[in-house]
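Trainee: I would like to learn how to read a helix and the core around it. Where do we start?

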Amino acid sequence: MTTTPRRTLTLTLTTATLLAATNLTLAHADDTAPSNPPGTEPSATAPVKIDPADPDLKLPEGATLAQPKVLDIKSVVEDQSGDERREDTNADVTFALQAEVLFSKDSAKLSGEAKARIETIAEEIKKQNATRIRVFGFTDNLGSSAHGDILSKQRANAVQAVLDQDLNDPNVTFDVRGYGEQYPISDNSTEAGRKKNRRVEVSFPRTEQ
């Protein structure tokens with residue numbers, strides 16, 4: 001039996017409470033990152049309470065602390081084929097499955113392999129004790145926008161139905177949406193990019209470990 005090697009793509013390994021004196025330069029987040037669907041913005045909170053009077057901070061005389069700012073730590077693990085990607089932040093877990101491994105072309109009927117992959121996601125949801133699950137479908141920009149909206153919602157509904165069956169938990173609520181060609185994660189001008197954009201994402205809050 002062979003195993004598929006995995007590679008870890010670390011997108012952001014810097015975070016913490018960013019503190020700065022009034023006469024110091026502040027760090028800024030990267031504004032070029034792809035936009036996120038509504039409701040998926042980072043929701044990190046400060047890990048520790050900062051005491052501005054703490055002598056160990058040793059700020060220059062007369063300086064004051066800026067307001068704490070927290071950025072999510074994000075790590076991404078993608079299998080070698082690119083068919084599946086997992087993103088972890090300190091707030092959420094997101095699984096992205098390419099449409100080709102879930103459905104036939106222009107179809108919303110799940111394959112047998114797809115159901116096994118979704119079952120793995122359900123196990124992680126149980127591990128995190130998550131009760132609020134987002135299932136979002138996306139397409140590339142080929143074809144009409146209206147068709148993409150419908151197909152992406154149908155595919156999200158199909159994945160949600162399997163998750164609901166696997167979890168079998170009346171306390172779990174789902175937010176299921178089809179965004180069509182909105183919120184691409186790659187370049188739609190190439191087939192490799194369009195393949196990444198044709199996906200279903202499952203995300204949920206992570207528990208504190």
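Trainee: What span should the 16 residues of H2 have, and why?

Mentor: Count 1.5 Å a residue, so H2 should span 22 Å. Its end C-alpha atoms lie 23 Å apart, which agrees. Just after H2, Asn129 has a positive phi of about 55 degrees.

Trainee: Which residues have the most contacts inside the largest nonpolar core?

Mentor: Val159 and Leu163, in a core of 27 residues. Several elements each supply at least two of its residues, among them H2 (112-127), strand S5 (132-138) and strand S7 (199-205). H3 gives the largest share, six residues.

Trainee: What is Leu163 in contact with, leaving aside its neighbours within four places in sequence?

Mentor: Its partners include Ile118, Ile121, Ala122 and Ile125. Ile133, Val135, Phe174 and Val202 are also in contact with Leu163.

Trainee: Where is the pLDDT below 50?

Mentor: Take the whole protein before that. Its mean pLDDT is 78, and 70% of residues reach 70 or more. Over residues 1-34 the pLDDT is below 50. That stretch still has 56 contacts in the model beyond near neighbours in sequence. Where pLDDT is low, the predicted coordinates should not be read in detail.

How values were computed. Residues numbered from 1 in each chain as written. Predicted model: local features only at pLDDT ≥ 70, side-chain atom pairs only at ≥ 80, totals over all residues. Heavy atoms only, no water. pLDDT = per-residue confidence, 0-100. Contact = heavy atoms within 4.5 Å. Core = buried A, V, L, I, M, F, W, Y, C linked by side-chain atoms within 4.5 Å. Buried < 20%, exposed > 50% of the residue type's maximum accessible area, 1.4 Å probe, protein only. Helix = DSSP H or I, 4+ residues; strand = E, 2+ residues; numbered from the N terminus. Expected span 1.5 Å × (residues − 1).
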